[in-house]
Amino acid sequence: MPEGDTVWNTARVLQRALAGARLTGSDFRVPRLAATDLTGWTVRESASRGKHLLLRLTAPDGPADGRRDWTLHSHLRMEGAWRAYVPGERWAARPAHLIRAVLRSPGAVAVGYHLHELALVPTAEEESLVGHLGPDLLGPDWDPDEAVRRLAAHPDKTIGEALLDQRNLAGVGNLYKCEVLFLRGISPWTPVRAVPDLPGTVALAQRLLAANRGRWTQSTTGSLHRGQTSYVYGRRAQPCRRCGTAIRKEELGERVTYWCPACQPERS
Ligand SMILES: [Zn+2]
């Protein structure tokens with residue numbers, strides 16, 4: 001599932017494939033960008049902010065509206081992905097009908113599958129896309145105190161929903177939310193005001209995401225073996241790895257949540 005670590009990894013893939021390159025072609029398969037051609041544009045850098053990808057480009061001399069620095073924004077949500085191929089290699093990652101963007105350079109072809117919120121905006125206006133986000137868990141400017149402050153500002157929200165709200169902190173998705181709360185022994189339904197150690201919870205979320213940077217298998221248990229990578233996420237009705245109680249799965253807000261009713265007692 002694309003969460004902050006996956007998006008961070010993806011930004012690095014695009015950075016290695018395209019940074020510094022002059023594009024030799026582009027193909028956008030979304031209505032909003034169907035007429036956009038980035039041939040001749042230079043890729044400055046690839047970055048992530050929470051779960052958002054920002055590919056920063058410089059237009060060739062004399063762009064029509066006078067701006068040089070632009071950002072191609074994309075969001076992976078649940079299923080999106082970018083892959084880098086060498087020219088001539090078969091694009092085998094996903095079915096072709098899921099392709100939303102193709103960027104060609106002399107040394108690499110980047111193919112974006114099932115992307116959401118694909119848009120080309122002036123880099124100066126990036127904040128209109130990501131300015132609402134809380135501190136980025138994997139950003140160079142990660143600010144745990146600010147994340148705690150934002151969480152605490154809505155004390156009656158459930159911690160399960162608050163950790164997913166990207167305005168509080170950016171990068172936690174459903175997998176890390178479930179796993180952090182298990183490891184801290186906190187029920188997902190606990191109101192934020194009753195969480196015993198909010199800074200510790202935030203710090204653990206950051207450590208789990210950071211530990212998975214640089215690899216595509218997301219693990220919170222330390223094991224990379226299939227079926228052993230999580231404590232509760234995706235393990236409904238299976239025995240808790242600590243106490244043997246059956247893991248439960250229920251809706252919480254707009255998402256499902258997994259938890260162990262014995263290890264994560266409700267507080268209020
Ligand atoms: Zn348990």
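## Pockets and a zinc site

By class, ten charged, nine polar and eight nonpolar residues make up the lining of the largest pocket. Here Ala, Val, Leu, Ile, Met, Phe, Trp, Tyr, Cys and Pro count as nonpolar, Asp, Glu, Lys and Arg as charged, and the others, Gly among them, as polar. This is a predicted model: local features need pLDDT of at least 70, side-chain atom pairs count only at pLDDT 80 or more, and totals for chains, interfaces and linings use all residues. Residues are numbered from 1 along each chain as its sequence is written, and side-chain values use heavy atoms, without hydrogens and water.

A pocket is an open set of points on a 1 Å grid over the protein atoms alone, where a 1.4 Å probe fits, with protein on both sides within 12 Å along at least five of seven lines; lining residues have an atom within 4 Å of a point. A volume is the space filled by probe spheres set on the points.

| Pocket | Volume | Lining residues nearest the centre |
|---|---|---|
| Largest | about 730 Å³ | Glu161, Leu164, Asp165, Gln166, Glu254 |

α4 gives the most to the lining of the largest pocket, with three residues. Helices (H or I, at least four residues) and strands (E, at least two) are DSSP runs, numbered from the N terminus.

The zinc ion has four protein donors: Cys240 (SG), Cys243 (SG), Cys260 (SG) and Cys263 (SG), 2.2 to 2.3 Å away. Donors are N, O and S atoms within 2.8 Å of the metal (3.2 Å for Na, K and Ca). Their spacing along the chain is C-x2-C-x16-C-x2-C.
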